[in-house]
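Colleague: I am new to reading structures, and I would like a close look at one part of this one. Could you pick a helix and walk me through how it sits in the whole chain?

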Amino acid sequence: MSSAATIVAIATAAGRGGVGIVRLSGSMSRHIGESILGKSLPPPRQAVLAGFRDEAGAMLDEGLVLFFPAPHSYTGEDVLELHGHGGKMVLEALVARAVDLGARRASPGEFTQRAFLNDKLDLAQAEAVADLIDAGSLAAARAALRSLQGEFSAAVRDLVEALIELRVWVEAAIDFPEEEIDFLADRALVARLDALRARFAAVLRSARQGRVLRDGMTVVIAGRPNAGKSSLLNALAGHEAAIVTPLAGTTRDVLREQIAIDGMPLHVIDTAGLRAADEAAADVVEAEGIRRARVELARADRILFVIDAVADPSAEAYRQERASLPPEVPVTLLINKLDQVDETRAKAEIDPAATDAPAVFGISARTRAGLDALRQHLKDCMGYEAAGEGAVSARARHIEALQRAERHAETAFQQLTESRAGELVAEELRLAQAALGEITGEFRADDLLGRIFGSFCIGK
């Protein structure tokens, strides 16, 4: 990506709409805008009605024009927005006109990347832009907005400032060993480093909560045919997402639903019924459905294995299948159809030792009994707490960097309290600061930037 070029893109979603926006950023934005309007641009940040014209002066469209001169714009460069009608052909004609006048089409995320490179946003804030656009729940959107407004970055910067202060203290002890005062033995230094460890724990809790809000949890519903898997999907989704009939094997393909449990995104996947090892699938279509089911099981965060309490009160189906289930994916055993049997007797027939002691819940997908307890269980599995004002949008790389920085701070504390090795303490603190710098972009690699901004939508 060349930061010298002026870029253009459609900034609104694809499809028909009342309004569509074409956005330009770069030094040629003013010239291109004046050529399209056939006159001077309006005053900065004032919306004015104008006609958009082609090279021959014929009208392409009519709408509002907004100009944001550098550096007071989203990207820090001259930015022009043409707000026309939301038809695909009209917007594409405007983009083509801008390209003819010297702009080039923007790459995914290039507007936000320029905002980052021009110090309008740090890297964590830039990623929060994409998280806000992609938020799957209101709680996730609020967490992303808090990160976009700088709350997460501020918490990281506070940790960096604390590390710098400690590094100055330790470096002074190393540089002036002849002083009578042993700085490394000062209890205040130990106390401040110990307090820093607690601050790391608090920021990590907030970041983990934000990742749950952003990414959610993927659960795969599995079990024998006619155990009530599709009924469970419908009960969790709150609508008839899957066909339910008394016939076994109704579901033959993978069905996906995305729901929210108190703000936590939950990706629920219903699969074809698994047959016992000694049973052959009824036909090639069902066999393919079972194959796809096993692929999804390997990708899941958790498996909800549904048992028919009427036909299989002792969970024999799970005992037969447990060896073929992915060993690294945790399982929750759901004893379904409790509205048709005695719940106490059904649960008593399950031998926890024989089933590797998975979490066991009794439910009725038909009457919705037990679903509240199941929802709470799923939230507990993800470490989800009711979204408070402290939750911020975070990604896997943020949490990994925080954990790495925390480990270096922990090692520094051990070096300080056990051996008082000043050089080793200073190095661990430096490594912790470098890890935190990766979050906001103070320390970065070009390939990391390419991966981050490549996931953005065109026009943002």
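Predicted model: local features only at pLDDT ≥ 70, side-chain atom pairs only at ≥ 80, totals over all residues.

Modeller: Turning inward, 48% of the 460 residues in the chain are buried. The chain has 15 helices and twelve strands. If you take the contacts with a separation of 6 or more, 69% of them join residues 24 or more positions apart.

Now for the helix I would pick, α4, which runs over residues 123-134. How far apart should its ends be? Helix α4 has twelve residues, and at 1.5 Å a residue they should span 16 Å; the end C-alpha atoms are 17 Å apart, so the two values agree. At the start of α4, look for D122: one of its side-chain oxygens reaches to within 3.1 Å of the backbone nitrogen of A124.

Is α4 mostly covered or mostly open? It is mostly covered, with nine of its twelve residues buried. Reading along the helix, the buried ones are L123, A124, Q125, A126, E127, A128, V129, A130 and D131.

A124 is a handy link to the surroundings, as it is one of the residues that F152 touches. Leaving aside residues up to four places away in sequence, F152 also touches others, including R146, V203, L402 and I439. F152 belongs to the largest nonpolar core, which has 34 residues, and F152, L402 and L436 touch the most other members. Helices α6 (151-175), α7 (187-215), α13 (396-419) and α14 (422-440) each supply at least two residues of this core, and α6 gives the most, with nine residues. There is also a second, separate core of 30 residues, and V212, I221, A235 and I363 are among its members. As a general rule to keep in mind, nonpolar side chains in soluble globular proteins tend to be buried together.

Before you leave this region, step back to α3, the helix of residues 110-117, where you will find E110. Is E110 buried or exposed? Its relative accessibility is 1%, so E110 counts as buried; the cut-off for buried is under 20%. The side chain of E110 has a polar contact of 2.5 Å with the side chain of R104.

Technical notes: Residues numbered from 1 in each chain as written. Heavy atoms only, no water. Helix = DSSP H or I, 4+ residues; strand = E, 2+ residues; numbered from the N terminus. Buried < 20%, exposed > 50% of the residue type's maximum accessible area, 1.4 Å probe, protein only. Polar contact = N/O pair within 3.5 Å; in protein donor to acceptor, adjacent residues only side chain to side chain. Contact = heavy atoms within 4.5 Å. Core = buried A, V, L, I, M, F, W, Y, C linked by side-chain atoms within 4.5 Å. Expected span 1.5 Å × (residues − 1).
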